[in-house]
Amino acid sequence: MTDFAVPPGYLNTPSVGIPPAPVAAAVAESVERWRTGATRPGEFDQYVDRSRAGFARLLGVEPGRVAIGASASQLVANVAAALPAGTRVLAAEGDFTSVTFPFAAQGLAMTEVPLEALPERVEGHDVVAVSVVQSADGRLVDLPALRAAAEAAGAAVLLDATQTVGWLPLDVAWADWVVAAGYKWLLSPRGCSWLYVRPDAHERTRAVAANWYAGEDPWTTVYGLPLRLAGDARAFDLSPVWLAQVGAAAALEYLGGLDLAQVAAHNTGLADLLLEKLGLPPRSTAIVSLDADPERVAAAGIVSSVRGGRVRVGFHLYNTADDVERVLRALE
């Protein structure tokens, strides 16, 4: 795609997504304003509003139900810290620790089960916290089954969509909380993340980093008590990382203009093509975990990551069948 300057063999989106030209240009312009002393703090509010609205659009929720933050774990902490002692939390074995550590750090009772068994093990737990797509190998949780099991058991659900949103259409407004970081599939700078809070979960969420920007009108909550937070999910906002929000505003609008069903078909099509060429069954996910020599893969000009002792590759908008062939040559 002409909007991208991604070199052949770049398959590391699960670690770092590459921005399209409009996103990079927006950040560069903001850096130039900063460099020349033209920056004014209030000018960044518009970017926060745009990124919040962009994330809400991707999830199909109201912008007022979305909080901004700097990382997924920081936002998950707003959920974990509000849970009472004795809360029983169910998680997937080997899930990304930004999902599980905030709960474990509160001393809550944690149970890990295989991802495939998660829905059938919900009964007897108060909260389920799980990544929609597993970071290490791209496996997807069975969302319909999880929803049905959680509703039957009366359990709350937190979903981490960091490895999902931006390439896969999502219907997750039913979850109590949905979090995602922006610097992977959302093609945004590192330093931006979002948390959807379902209206009836608001009172079960705690503003652990309450700050001036979490006020109803941030510019009137910069000094003095009493505590006065916004009435919607903005109560959980973190003071924005300016340049990250500039890039995120442009990136989420860019993605919002695409047909995510087509993006998913493109991404999973390439991933499944690789699996087919390797004699493996399709998995309908954008992430593939390979039993391969990382040094040999790197020597073939492929940018990837090693997770769980295996080479992890991911396919996004800017990848083509040539990238698949490059991987295959590396594995010959």
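Two strands pair if DSSP finds at least two bridges between them. Helices (H or I, at least four residues) and strands (E, at least two) are DSSP runs, numbered from the N terminus. The model shown in these views is predicted: local features need pLDDT of at least 70 and side-chain atom pairs count only at pLDDT 80 or more, whereas totals for chains, interfaces and linings use all residues. Residues are numbered from 1 along each chain as its sequence is written, and side-chain values use heavy atoms, with hydrogens and water left out.

**View 1. The open sheet of seven strands.** The strands follow the order β1-β7-β6-β5-β4-β2-β3, and their pairing is mixed. At the edges are β1 (66-69) and β3 (109-113), each of which pairs on one side only. From one strand to the next, the twist averages 20 degrees; angles run from 0 to 180 degrees between N-to-C directions, and axes are lines fitted to C-alpha atoms, for helices over the stretch in contact. Five bridges join β4 (residues 127-131) to β5 (residues 156-160) in the parallel sense. Within this pair, Ser131 has Asp160 in β5 as its bridge partner.

**View 2. Strand β6 and its two partners.** β5 and β6 run parallel and are joined by three bridges, with Leu159 opposite Val178 in β6. β6 and β7, in turn, run antiparallel and are joined by five bridges; Trp177 stands opposite Val197 in β7.

**View 3. Helix α2 against the sheet and against helix α6.** Helix α2 (residues 45-59) lies across β1, β6 (177-181) and β7 (193-197), and runs at about 125 degrees to β1. Two packed helices are described by the angle between their axes and the distance between the axes. For α2 and α6 (residues 242-256), the angle is about 35 degrees and the axes are 8 Å apart. The crossing of α2 and α6 is left-handed; this term applies if the near helix is turned anticlockwise from the far one by less than a right angle, and right-handed applies if it is turned clockwise. Among the α2 residues that meet α6 are Tyr47, Val48, Phe55 and Leu58, and the α6 residues that meet α2 include Val246, Ala249 and Leu252. Contact means heavy atoms within 4.5 Å. By class, the contact of α2 with α6 has nine nonpolar, four polar and three charged residues. In this division, Ala, Val, Leu, Ile, Met, Phe, Trp, Tyr, Cys and Pro count as nonpolar, Asp, Glu, Lys and Arg as charged, and the others, Gly among them, as polar.

**View 4. The packing of helices α3 and α4.** Helix α3 (residues 72-80) packs against helix α4 (residues 97-104) at an angle of about 35 degrees, with axes 9 Å apart. Their crossing is right-handed. Ser73, Val76, Ala77, Val79 and Ala80 of α3 meet Ser98, Val99, Pro102 and Phe103 of α4. The residues of this contact comprise seven nonpolar, two polar and no charged.

**View 5. The open sheet of three strands.** This sheet has the order β8-β10-β9, with antiparallel pairing. β8 (287-290) and β9 (305-307) each have a single partner strand, so one side of each is left without a neighbour in the sheet. Neighbouring strands are turned by 40 degrees against each other on average, direction ignored. Four bridges link β8 and β10 in the antiparallel sense, and Ser289 stands opposite Arg312 in β10.

**View 6. The surroundings of Asn319.** Asn319 is placed in the loop between β10 (310-314) and α9 (321-331). Asn319 counts as buried because its relative accessibility is 1%. Its side chain reaches the backbone nitrogen of His316 at 2.8 Å. The Asn319 side chain also makes a polar contact with the side chain of Asp323 (3.1 Å). A polar contact is a pair of N or O atoms within 3.5 Å; within protein, one must be able to donate a hydrogen and the other to accept it, and residues adjacent in sequence count only if both atoms are side-chain atoms. Not counting residues up to four places away in sequence, Asn319 touches Tyr10, Leu11, His266, Leu270 and Gly314.

Note on methods
Buried < 20%, exposed > 50% of the residue type's maximum accessible area, 1.4 Å probe, protein only.
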